[in-house]
Amino acid sequence: MREAVQVPLIGNGDVKTPDDALRMMRETGCDGVMVGRAAIANPWTLGQIAAAMRRLPIPPEPALPERVDTALEHLRLMIDYESAPLPKLTEGPARMLKTLAGSRDDVDSSDDPEARACRALRGIIPMYIKGAPGAAQLRARLTQCSRYAEFEHLLRDFLLQASQNRTASAIQTP
């Protein structure tokens, strides 16, 4: 493929780790990679991939408190986005945009931007804590949240319990 095109070639598909990115570049000869779903709730993977491509040390995975803080920041930003007024468009462009991408109203017609944001991220927020002990049990509760305060309460309690479990296991270890 590389020999067939003169423009920059971007590889895409199943790029989740630095090794995936490097393998794709090596096997295809592409000039760069595009990361999609893997970065939705693990934005740190972008920095890790960038470091690997520059042959720099790969940053470590973030600790659970950083993951929770980032999840809550993601939710705050989504609430801000949902609270912002939509730009006024003329009939033609407005109809085209609704047809191509759908409008925010297609997701949730509620007049409450916080509720819309919370519903939109119900499936994303649990991914920030995926793999942490106890995360699977919390997932169902997170997917029912409709307010920022609910997410924050559940995630902060989860952090507290995780901290207490680490302390308890450290005390029990001889």
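Some ground rules. This is a predicted model, in which local features need pLDDT of at least 70 and side-chain atom pairs count only at pLDDT 80 or more, while totals for chains, interfaces and linings use all residues. Residues are numbered from 1 along each chain as its sequence is written, and side-chain values use heavy atoms, with hydrogens and water left out.

Now the overview. The protein has eight helices and two strands; these are DSSP runs numbered from the N terminus, with helices being H or I of at least four residues and strands E of at least two. From the N terminus, the order is β-α-β-α-α-α-α-α-α-α. Of the 174 residues, 31% are buried. Buried means under 20% relative accessible area, exposed over 50%, and partly exposed in between, with a 1.4 Å probe and protein chains only. The exposed surface comes to about 11,500 Å², and carbon and sulfur atoms supply 57% of it; areas come from the Shrake-Rupley method with a 1.4 Å probe, and for residues only the protein chains shown count as cover. Among contacts between residues at least 6 apart in sequence, 51% join residues at least 24 apart.

Back to Ile125, which is among the residues with the most contacts inside the largest nonpolar core, along with Leu64, Leu75, Ile129, Phe151 and Leu155. A nonpolar core is a set of buried Ala, Val, Leu, Ile, Met, Phe, Trp, Tyr and Cys residues joined through side-chain atoms within 4.5 Å. The elements giving it two or more residues are α3, α6 (113-120), α7 (135-142) and α8 (148-172). The largest share, seven residues, comes from α8. A second, separate core of seven residues includes Leu9, Met24, Cys30 and Ile49.

Next, α3, residues 64-83. This helix has 20 residues and reaches 29 Å from first C-alpha to last, close to the 28 Å expected at 1.5 Å a residue, where the expected span is 1.5 Å times one less than the number of residues. Its buried residues are Leu64, Arg67, Val68, Ala71, Leu72, Leu75, Ile79 and Glu82. Seen down the axis of α3, they fall within an arc of 130 degrees, so they line one face of the helix; the arc is that of the directions from the helix axis to the C-beta atoms.

Arg67 counts as buried because its relative accessibility is 13%. A polar atom of the Arg67 side chain lies 3.3 Å from the backbone oxygen of Tyr128. Leaving aside neighbours within four places in sequence, Arg67 is in contact with Ala41, Asn42, Trp44, Glu61, Pro62 and Tyr128.

Arg116, in helix α6, is also buried, with a relative accessible area of 11%.

Last, α1, residues 18-28. Its buried residues are Pro18, Asp20, Ala21 and Met24. Seen down the axis of α1, these fall within an arc of 170 degrees, so they line one face. On the other side, Asp19, Arg26 and Glu27 are exposed. The buried residues of α1 pack against β1 (10-12), β2 (32-34) and α2 (44-53). After α1 comes Gly29, with a positive phi near 75 degrees.

How values were computed: A polar contact is a pair of N or O atoms within 3.5 Å; within protein, one must be able to donate a hydrogen and the other to accept it, and residues adjacent in sequence count only if both atoms are side-chain atoms. Contact means heavy atoms within 4.5 Å.
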